[in-house]
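Work through the exercises below with the sequence and the 3D view at hand. Each task is followed by a solution in steps.

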Amino acid sequence: MNFTLKVWRQKDAQSKGHFETYKVEHISHGTSFLEMLDILNEQLINEQADPIAFSKGCKDGETCIADSGPVSFDHDCREGICGACSLYINGRAHGPENEVTTCQLYMRKFKDGSTITVEPWRSAAFPVIKDLVVDRSALDKIMQAGGFISVRTGSVPDANATPIAKEKADESMDAAACIGCGACVATCKNGSAMLFIGARVSSLALLPQGKIESKRRAMSMIAKMDELGFGNCTNTRACEMECPKHVSISHIARLNREFLKGKFSK
Amino acid sequence: MEDNKLISHIPDGPITKKWTKHKSEVKVVSPGNKRKLEVIVVGTGLAGASAAASLGELGYNVKVFCISDSPRRAHSIAAQGGINAAKNYQNDNDSIYRLFVDTVKGGDFRSREGNVFRLAEVSNNIIDQCVAQGVPFAREYGGLLANRSFGGAQVSRTFYARGQTGQQLLLGAYAAMNSQIAAGTVKSYPRHEMMDLVLINGEAKGIIARNIVTGKIERFGAHAVVLATGGYGHVYFLSTNAMNSNGSAAWQCYKKGAYFGNPCFAQIHPTCIPVRGHQQSKLTLMSESLRNDGRIWVPKFKEDVDKLRRHEITGSQIPEDRRDYYLERRYPAFGNLVPRDIASRAAKERCDAGFGVNTTGKAVFLDFSSAIQRLGEDKIRERYGNLFQMYEEITSFNAYKEPMMIYPAIHYTMGGLWVDYDLQTTIPGLYAIGEANFSDHGGNRLGASALMQGLADGYFILPCTIGNYLAHKIQEPKTDTNAPEFDTAEKAVKERIAKLFAIKGKRSPDSIHKALGDIMWEYVGMSRNEAGLKTAIEEIKKLKDEFWSNVYVAGTNDGFNQELEKANRLADFFEIGDLMARDALQRRESCGGHFREEMQTEEGEAKRDDKNFMFVSAWEYKGEESKPELHKEPLNFEFVPVATRNYKD
């Protein structure tokens, strides 16, 4: 398969970005999107490392030497769980497929010969570091504000001391499936992190162990979100649609309940 | 020849009392003094995050480093199947002792009894701890915790959170660490890569790190350094490891004098999605839990194999009496749940004999049809739905209808930095935990035991044992990062980076890494022989020379540069691969994941040589131009009778 790629290039946070157009050829159906980018990078590196050999193969009028070198993009596990990969592909977070991350997106899902546009997450709270790489450390800061149960190592009861209804545990797990990729923030027109926070607060609020600090957790995580420049939720459900783990906005509802309980019990 | 540096410090006395006795003798640091002491933790997987959290809770000042944009991305997150513990919640006669015996036996008698018993002992505390942190483990309708079985065990002792156990445990440890960041005891440095270890008077006192965003080379000092940087499986390029997993931090410690234990013990996981083509960047694991209900087979007859390869028939069309369930045939007692090394070799044996079921000849079937008949498709979907979905996304095949195709792939490294009972390396003040050390799994790790070991080390063992070292440092001032030792180390790091850029050759780091992976898989992979290992050493040397003369590192050092990261890690992978081959060459026996073709029984089973090889190999770096020196830590088995592993009856 062959593709034309329009890729966002940006030297660093201070520089202005722009699109560059590249061609990739002989891509197998089973190749993943990120492997396709690996192939593009191999091409760009070869052109830069050996400009003379490559210009021989150039058609007239085409720019062959890529001045900006290989494209930077975040990735790690390549099996859809670490949450490192991001990318806005043809205007959608993690590309056209539902419930997969970019690393689980395969080229057979694209039309041979088509043009694919690749951009970084775009959100005020996620400044671009380089090309397609953004700074998502704001999500860590929100977690540090209260996304935990205060429990010391060792000072805990037996694991089976508190039975938890299977339905509650299952729903807690549904929320805990969040991989912290930031697709929800990038998709939201308000740049809100409510689905991200909702997933954590709800997952813990559903368990007896997490209930105790639930109100305080909701209030401090939301306060931190506001402080870091994220927007708020207006219930468009775009986040839920684009979440690769299909975390439901019902968790935002539970977050709101915990938040309000916190407000009124003050 | 016993080495005076290689003293394991295993406490005396009966196995059940060793850890209790040791804990009561470990030196304790008072709260007031803990506040004055600094500890660096490198890596934020299960071991690193849990250690950082627990050390912070105790009151130490912790600096924690990771290469990812967030500590939560460490590759522990990808562990699927579960975590073992000897809770005996299933009333199937499990016990600490049984978990201990299974692990020693699973490791093919190449681990230390004392360490393994301690691991089994603290396994139960881990489950308690994780539940208290809000880890949503699978539960039964009565509200109590559920279990399943893993390879190498005849009991159900594995706790799990769907197919995302590693993720959930890591989020627990990450959250515990976050609570300490909030409390001010832990400071986190994401996107920082350790480039070197700094020794002052022979003791670990700091690190040199590269800020991955700015490219700046930075100095960090502490009273002790804890390495939790995982394994080196990515040396094979294609593996189940993450793309950024690497062995460089541990390797720098080796080059500063820490001995490296059992480098040749690498685990090959039997159930991964087969290699598809040259554009592939990594291999995806299908959880071992699938072997609870999946049956592994290949056709009995070559004519069926040919038809499969010509796509004339599919696996489901081959009738029962024309199938060879080779694990059930060869190992009736454990069947499809034999340990990983045995399952992997058996798959290779069938494929080498010409029974591989795909066009490359390198795949076997993992079949759920009898489980679906027995339990219904819904039950199987509930148990493994996300894995079946992942399989379909990658291969476009529906595993409810057709058997999965799987093949072994590199997954984990049992080898790592040599540590004593306190988890201290041969460098005073340098500790190694989790996959980064060599300690508990011997020649082969059992499924669901990596999570157990990482968390045991991080939550319960290291925070206690490090007191033995730090208690002597309470009067030591904060490490001065302007000391000449830091100057020298920083200079060396900068020179190495400059050298990489200056080569300006023609090949990308990735293309050379793939070539290294091919050599490693061919000669230092699932089965090894003397001639092949010697070839590997020569080929690696040639490739390393080519790298240092012909690699092209794009970009510059003054900012974010993934090509530099790759080149820097690859430079160490040549040396790691070389040491793995040397270790495999000296170990003229087959044991665990290390199979020497010269050493096998008539039935093709691994043949251990306890008389000559019942030791941990611990390698000492002797400089760029010299060969490393082998030291041996003898292993004694007082409690588990040494025997040939038998999974047949």
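**Exercise 1. Domains of chain B**

Task: Find how many residues of domain 1 of chain B are in contact with residues of domain 2 of chain B, and sort the domain 1 side by class.

Solution: 
- In this predicted model, five residues of domain 1 of chain B touch six residues of domain 2 of chain B.
- Domain 1 of chain B covers 270-405, and domain 2 covers 484-614.
- Taken over C-alpha atoms, the centres of these two domains of chain B are separated by 31 Å.
- On the domain 1 side of this contact in chain B there are four charged residues, one polar residue and no nonpolar ones.

**Exercise 2. Domains of chain A**

Task: Describe the contact between domain 1 of chain A and domain 2 of chain A.

Solution: 
- Chain A has domain 1 at 3-130 and domain 2 at 136-264.
- Their C-alpha centres are 32 Å apart.
- The contact joins 18 residues of domain 1 of chain A to 17 residues of domain 2 of chain A.
- The domain 1 side in chain A holds nine nonpolar, six polar and three charged residues.

**Exercise 3. An open sheet in chain A**

Task: Give the strand order of the five-stranded open sheet in chain A, and explain why β2 and β4 of chain A each have one side without a neighbour in the sheet.

Solution: 
- The order in chain A is β2-β1-β5-β3-β4, with mixed pairing.
- Strands of a sheet pair through backbone hydrogen bonds, in a parallel or an antiparallel sense.
- β2 (18-24) and β4 (92-93) of chain A are at the edges and have a single partner strand each, so one side of each lacks a neighbour in the sheet.
- For β4(A), look at β3 (residues 88-89) of chain A: the two strands pair in the antiparallel sense over two bridges.
- A:Tyr88 has A:Ala93 in β4(A) as its bridge partner.

**Exercise 4. Between the chains**

Task: Which element gives the most residues to the side of chain A that touches chain B?

Solution: 
- The contact joins 64 residues of chain A to 64 residues of chain B.
- Elements of chain A that give two or more residues to this side are α1 (33-49), β6 (128-130), α3 (137-144), α4 (166-176), α6 (194-205) and α7 (208-211).
- α1(A) gives the most, with seven residues.
- By class, the side of chain A that touches chain B has 29 nonpolar, 20 polar and 15 charged residues.

How values were computed
Residues numbered from 1 in each chain as written. Chains lettered and ligands numbered in written order. Predicted model: local features only at pLDDT ≥ 70, side-chain atom pairs only at ≥ 80, totals over all residues. Domains from an automatic or database assignment. Contact = placed C-beta atoms within 7 Å. Nonpolar A, V, L, I, M, F, W, Y, C, P; charged D, E, K, R; others polar. Pairing = 2+ DSSP bridges. Helix = DSSP H or I, 4+ residues; strand = E, 2+ residues; numbered from the N terminus.
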